[in-house]
Amino acid sequence: MASSSSPDTSQLRCWAEVNLSHLRHNAAILQNEAGPDCGIMAIVKADAYGHGLESVVSTLIGHVDWFGVANYHEAKRTFEAARSQSPSILILSPPIPSEIEPIVDAGFSASVSSVEEVEAFSIAAERLGVKARLHAVADTGMGRMGALIDHFADLVSAIKDAPGCEIEGLDTHFPSADEDLNFTQSQITAFSKIVETLAPEKSCHLHLANSAGLLKFQQDLPFATLARPGLALYGISPLLDHPLLRPVLSLKTRVTLVRNIPAGTSISYGRTFISKTPMRVATLAVGYGDGYTRYLSGDKTRVLLAGERCPLLGRVTMDQIVVDITHLTRPIQCGDVATLIGKENGEEITAKELAKHAGTIPWEILTGITSRVERIYFESDTEA
């Protein structure tokens with residue numbers, strides 16, 4: 001059995017517990033999946049998928065090779081969280097014009113899709129008297145950025161010829177590695193062929209795999225020098241559940257009110273639930289203002305109270321939800337803890353389960369948790 005140091009949450013209404021030991025454990029598992037010749041770029045964009053960028057970065061320093069972020073602001077936060085250890089940071093999204101010079105000045109690596117972007121980086125780099133470190137993106141099917149394969153060689157040549165730039169990496173992205181195996185395989189083939197013709201320097205990084213790509217296709221990527229896991233790093237497999245990954249985040253709240261209601265009582269806005277019999281219900285201190293999305297409304301969604309599943313009644317409101325506790329044998333009192341994501345007494349509610357009920361994906365469930373929810377960080381024994 002794993003032992004853990006329980007964080008003090010006695011004064012909190014709604015909070016997320018983030019297990020940093022599980023985070024490092026997952027990083028080690030993913031490094032093992034990647035193999036000895038492929039490093040890990042931890043994706044920490046969107047506040048580290050809702051887990052808290054600063055704490056995640058400071059925990060992973062020395063355990064991963066790179067950090068991937070969405071923009072200059074996130075890159076700056078990542079660098080500051082690394083506490084002067086100068087991590088390698090790649091900005092994955094196209095920069096807006098005003099970000100280009102700050103990116104170059106800070107020494108962050110940037111993703112480029114067009115010759116025009118390369119020219120803008122080169123001008124900024126020459127003005128600053130430094131080199132812009134660029135990763136050329138190939139659009140092999142994602143469609144949101146990158147040069148099409150027929151024009152990718154031109155993009156790479158533009159970087160090599162630009163006096164203020166150096167080519168640090170070549171990459172592409174999988175849009176459906178968790179859904180369309182044949183298409184993903186075609187992307188790998190297209191990218192590997194163009195890389196072979198370009199014959200990049202050994203120091204040039206080659207990276208394709210997101211979480212699903214790493215877990216499903218790594219054996220087809222012997223040339224890759226980096227993998228870019230996001231969701232899997234936080235303990236959730238985008239494929240079938242991975243037995244060795246451990247969820248890093250649990251979401252909890254408290255009971256604020258316990259009531260007996262008669263038959264015919266309506267619950268929440270729109271009166272979408274009306275009790276058919278007398279019931280005992282609990283009000284919980286969580287709502288869509290905390291990131292518990294309104295799309296979870298209805299009795300398919302469950303929360304854990306006293307280690308048992310309790311149906312949500314009616315619509316999720318901004319600050320509160322109501323759940324049915326009629327069937328519970330243990331008395332529920334104000335202040336009791338309810339688990340929204342996580343394990344309790346052998347039962348578990350996952351981000352995947354909530355995503356299914358909300359008609360979305362676990363990425364959105366995690367990144368949607370708002371700043372009103374305090375993150376509590378703790379360490380635990382990672383032995384099974």
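These legends describe close-up views of a predicted model.

**View 1. Helix H7 and its length.** Helix H7 covers residues 149-161, 13 residues in total. At 1.5 Å a residue, H7 should span 18 Å. The C-alpha atoms at its ends are 19 Å apart, which agrees.

View 2. Which residues of H7 are buried? They are Phe152, Leu155, Val156, Ala158 and Ile159. Seen down the axis of H7, these buried residues fall within an arc of 155°, so they line one face of the helix. Asp150 and Asp161 are exposed on the other side of H7. An α-helix has 3.6 residues a turn, so residues three or four places apart point the same way.

**View 3. What H7 packs against.** The buried residues of H7 pack against strands and helices. The strands are S5 (109-112), S6 (132-139), S7 (147-148) and S8 (165-171). The helices are H6 (115-128) and H8 (181-198).

**View 4. Strand S5 and its side chains.** Ser109 and Ser111 point one way from S5. Ala110 and Val112 point the other way. Are these residues buried or exposed? All are buried.

View 5. Strand S4 (residues 88-91) runs parallel to S5, and 2 bridges join them. Leu90 has Ser109 of S5 as its bridge partner. Between S4 and S5, the chain passes through helix H5 (residues 97-106), and this β-α-β crossover is right-handed. S5 and S6 also run parallel, joined by 4 bridges. Here Ser109 stands opposite Arg133 in S6. With helix H6, strands S5 and S6 make a right-handed β-α-β unit.

**View 6. Helix H6, end to end.** How many residues does H6 have? It has 14 residues. At 1.5 Å a residue, H6 should span 20 Å. Its end C-alpha atoms are 20 Å apart, which agrees. After H6 comes Gly129, whose phi is positive, near 75°.

**View 7. The buried and exposed sides of helix H6.** Glu117, Val118, Phe121, Ser122, Ala124 and Ala125 are the buried residues of H6. They cover an arc of only 170° around the axis, which puts them on the same side of H6. Glu116, Ile123 and Arg127 are exposed on the other side. What covers the buried residues of H6? The cover includes helices H5 and H7 and strands S5, S6 and S8.

Key
Residues are numbered from 1 along each chain as its sequence is written. This is a predicted model: local features need pLDDT of at least 70, side-chain atom pairs count only at pLDDT 80 or more; totals for chains, interfaces and linings use all residues. Side-chain values use heavy atoms; hydrogens and water are left out. The expected span of a helix is 1.5 Å times one less than its number of residues. Buried means under 20% relative accessible area, exposed over 50%, partly exposed in between (1.4 Å probe, protein chains only). The arc is that of the directions from the helix axis to the C-beta atoms. Contact means heavy atoms within 4.5 Å. Two strands pair if DSSP finds at least two bridges between them. A crossover is right-handed if, with the strands pointing away from the viewer, the path from the first strand over the helix to the second runs clockwise.
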